[in-house]
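The report below goes from the sheet to a helix and then to the chain as a whole. Please keep the sequence and the coordinates at hand while reading.

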Amino acid sequence: MPNRIIRDSVRTSASLSHLTAEEERHFYRLLVYADDYGRFDARPEVIRGMCYPLLLDNILTVNVVKWTQRLADASVGILSLYTVEGRPYGVFRQWAKYQRIRNAKSKYPDPPSIDGNMRQDAAFAPVVVNVNVNEDGVENDITQDDESSWVPPDFFKPLTDLVGY
C-alpha cells in the first residue's frame, strides 16, 4: 500500500465535519486503498476486503455501501463514483490537492469526462515545478497551483469546494 499524506487541515475540514465517526474512518481507509490517482475498485466486497482485512467479522458489506455512498453524496462530495464496462469505480475528487501522484498510469480506468473534452483526472493532476529536500530528508513540493497564487476558473468550482453542488 502506498504512503499517504494527511494534512493538518483535515481537522477543520467542512466536508469531514458532516460525517459520522464510522464514515470518517471509512474515508481514511479508502485513502490508503486508492491508487496514486485517487482511484479504486468500488465493488463493496472488494472495498470491505481491502480496507478492513482484520475486521471482516465486524464490518458488513451493507455498511461499506452506506459509508461509500455517503462520501459520494453531493452534500459531502469527497468521492465520485463511476462505472466502466459495468464495473464500479471511485475517485477522490480533490486528490491532487492533497496527494502526490508518483506513478505514470493509474491502476483503474479514467473517470468519465467532465465537459466532453477533458478527462476528469486532468483536473486533478498536479504540476510539480521543483522538489526540495530539507535537512531532515523531508520533501517539500513547490507547485504551480499553490493555493495562494492560483484561483480556479468557475468551471472548476464544483471540484474545489466539495460542498453544495
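## The open sheet

In what order do the 3 strands of the open sheet stand, and is their pairing parallel or antiparallel? In this predicted model, the order is β1-β3-β2, and the pairing is antiparallel. The edges are taken by β1 (39–41) and β2 (79–84), each of which has a single partner strand, so one side of each is left without a neighbour in the sheet. Direction ignored, neighbouring strands of this sheet are turned by 30° against each other on average.

Strands of a sheet pair through backbone hydrogen bonds, either parallel or antiparallel. Here β1 is joined by 3 bridges to β3 (residues 87–92), the two strands running antiparallel, and Phe40 stands opposite Gly90 in β3.

## Helix α2

Helix α2 comprises the 13 residues 21–33, which should span 18 Å at 1.5 Å a residue; the end C-alpha atoms of α2 are 19 Å apart, which agrees with that expectation.

The buried residues of α2 are Glu23, His26, Phe27, Leu30, Leu31 and Tyr33. Because these residues cover an arc of only 160° around the axis, they lie on the same side of α2.

## The chain as a whole

The chain holds 7 helices and 5 strands, and from the N terminus on its elements run α-α-β-α-α-β-β-α-α-β-β-α. Of the contacts between residues at least 6 apart in sequence, 60% join residues at least 24 apart.

Buried residues make up 33% of the 165 residues, while the chain exposes about 10000 Å², of which carbon and sulfur atoms supply 51%.

Key. Residues numbered from 1 in each chain as written. Predicted model: local features only at pLDDT ≥ 70, side-chain atom pairs only at ≥ 80, totals over all residues. Heavy atoms only, no water. Pairing = 2+ DSSP bridges. Helix = DSSP H or I, 4+ residues; strand = E, 2+ residues; numbered from the N terminus. Axes fitted to C-alpha atoms, helices over the stretch in contact; angles between N-to-C directions. Expected span 1.5 Å × (residues − 1). Buried < 20%, exposed > 50% of the residue type's maximum accessible area, 1.4 Å probe, protein only. Arc of directions from axis to C-beta. Contact = heavy atoms within 4.5 Å. Areas by Shrake-Rupley, 256 points an atom, 1.4 Å probe, with all protein chains shown as cover.
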